[in-house]
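Subject: Structure handover

Dear colleague,

Please find below the structure that I am passing on to you. After it, I set out what was found there, topic by topic.

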Amino acid sequence: MNQASDPSENESPTAEKAAELQAQQQAILRKIGRARIRLLVCCWTLPVYIIGIWILLDNGRGIDTFMFVYMALSAGFALDMSLRRCPQCRQQFFVKSILLNLITRQCVHCAVAIPAGNRGNAPLDQDQQN
Ligand SMILES: [Zn+2]
């Protein structure tokens, strides 16, 4: 009997499951990382925003819409970021007590880290081919 054996069959199912879980965790961490970058970009553009307001005021134009859009964006990103949960400990990734920690790349509870160098990669929501 000449049975072709699949080498992957020898892998224990628990190890496979653990690897899958780890991949899921990495995907969540990448999303957390992107939420952080979005809010950071908002903070970095604050000087541009201030200059924009100044120019608009100088031209005698209304700043209501401009201000509202910027505030809404910042608030939305901050809310999104604060609601992100750590895949490992299930607690809020950036929030300890009431402070949102913008600088950290690690979970403030269990210190699991966001993987480095994930900016601008393909969307993770795409279906994976099997
Ligand atoms: Zn954690």
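Arg 84 is partly exposed, since its relative accessible area is 22%. Please keep in mind from the outset that this is a predicted model.

**The salt bridges**

The side chain of Arg 84 meets that of Asp 80 in a salt bridge, with a distance of 3.0 Å from N to O. Asp 80 also forms a salt bridge with Arg 38, again between side chains, and here the N to O distance is 3.0 Å. Taken as a group, Arg 38, Asp 80 and Arg 84 are linked in a network of salt bridges. The count for the model comes to 2 salt bridges.

How accessible are the other members of this network? Asp 80 is partly exposed, with a relative accessible area of 24%. Arg 38 is likewise partly exposed, at 34% relative accessibility.

**A serine in helix α3**

Ser 74 is placed in helix α3. Is Ser 74 buried or exposed? With a relative accessibility of 18%, Ser 74 counts as buried, because the cut-off for that term is under 20%. A polar atom of the Ser 74 side chain lies 2.8 Å from the backbone oxygen of Tyr 70.

Cys 86 is buried, with a relative accessible area of 0%. Cys 107 is also buried, with a value of 4%.

**Two residues with positive phi**

Most residues other than glycine have a negative phi. Arg 90 has a phi near 65°, which is a positive value in a residue other than glycine. Arg 90 lies in the loop between α3 and β1, and at 56% relative accessibility it counts as exposed.

Ala 111 also has a positive phi, near 65°, and is a residue other than glycine. Ala 111 is found in the segment after β2. With a relative accessibility of 41%, Ala 111 counts as partly exposed.

Finally, Ile 51, Trp 54 and Ile 55 make a nonpolar surface patch of about 350 Å². One of these residues, Ile 55, lies in helix α2 (residues 46–58). Ile 55 is partly exposed, and its relative accessible area is 43%.

Yours sincerely,

A colleague

Key:
Residues numbered from 1 in each chain as written. Predicted model: local features only at pLDDT ≥ 70, side-chain atom pairs only at ≥ 80, totals over all residues. Heavy atoms only, no water. Patch = residues over 30% accessible without salt bridge, like charges linked within 9 Å, V, L, I, M, F, W, Y side chains within 5 Å. Areas by Shrake-Rupley, 256 points an atom, 1.4 Å probe, with all protein chains shown as cover. Salt bridge = Lys/Arg side-chain N within 4 Å of Asp/Glu carboxyl O. Helix = DSSP H or I, 4+ residues; strand = E, 2+ residues; numbered from the N terminus. Buried < 20%, exposed > 50% of the residue type's maximum accessible area, 1.4 Å probe, protein only. Polar contact = N/O pair within 3.5 Å; in protein donor to acceptor, adjacent residues only side chain to side chain.
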